[in-house]
Amino acid sequence: MKTNKLSGILIAAVGIAGGWAQSSWVVRETGTSANLWGAAVLQGPAGSLVPGGRVVVVGEQGTILTSEDGGQSWTRRQSGTLAWLTATYYDSVLRRIFVVGAGGLILSSVDGLVWTRESSPTTVRLNGIAAGTSGGTLYAVGEPGAGLLLRDGEGVWIQHDGGFG
């Protein structure tokens, strides 16, 4: 899924079998006025969508929205924060979705419905999160001073400065 942001509106191009539907952009009302910054699709083993093909989008004011029908309708979920949420990533090895944001915030969920705050070693805004090459390892990056964060196999986030920002 590719996304572009308009306040309170999600524009999405969804592909079939990994391809992008670049000519099939559809505007969907999300029911929020918050700017939306990240999106992920929960997947099961071998890349299959979880039942319902749940889509999770995140944004300002702690906004987390989910859709069970490919983005036609949206439900707001409780994030437990008013912080800007900037990025999200679904890890099919850990079978968890992760969200990062302002103040070094890191949230995780097994289903995208109920969220848990993870202990973060930084208070600097995080802007991105992705998987490493070994199963279950995640990395998060952010504004200058955040360094490179690594989530180890035990679920502990560790900050590596390594000359970053």
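## Strand pairing

Two strands pair if DSSP finds at least two bridges between them. In this predicted model, strand β6, residues 64-67, pairs with β7 over three bridges. The pairing of β6 and β7 runs in the antiparallel sense.

## The four-stranded sheet

β6 and β7 belong to an open sheet of four strands. The strand order is β4-β5-β6-β7, with antiparallel pairing. The edges are β4 and β7 (75-77), and each of these pairs on one side only. On average, neighbouring strands of this sheet are turned by 25 degrees against each other, direction ignored.

The loop between β3 (26-29) and β4 (36-41) holds T30. Is T30 buried or exposed? T30 counts as buried because its relative accessibility is 6%, and buried means under 20%.

One of its polar atoms lies 3.4 Å from the backbone nitrogen of T32.

L105 sits in the loop between β9 (96-101) and β10 (106-109). L105 has a relative accessible area of 6%, so this residue is buried.

Which residues does L105 touch, not counting those up to four places away in sequence? They are T81, A83, L85, V99, V100, R117 and L126. L105 and R117 are twelve residues apart in sequence. In space, 7.5 Å separates L105 from R117, C-alpha to C-alpha.

Note on methods
Residues numbered from 1 in each chain as written. Predicted model: local features only at pLDDT ≥ 70, side-chain atom pairs only at ≥ 80, totals over all residues. Heavy atoms only, no water. Helix = DSSP H or I, 4+ residues; strand = E, 2+ residues; numbered from the N terminus. Buried < 20%, exposed > 50% of the residue type's maximum accessible area, 1.4 Å probe, protein only. Polar contact = N/O pair within 3.5 Å; in protein donor to acceptor, adjacent residues only side chain to side chain. Axes fitted to C-alpha atoms, helices over the stretch in contact; angles between N-to-C directions. Contact = heavy atoms within 4.5 Å.
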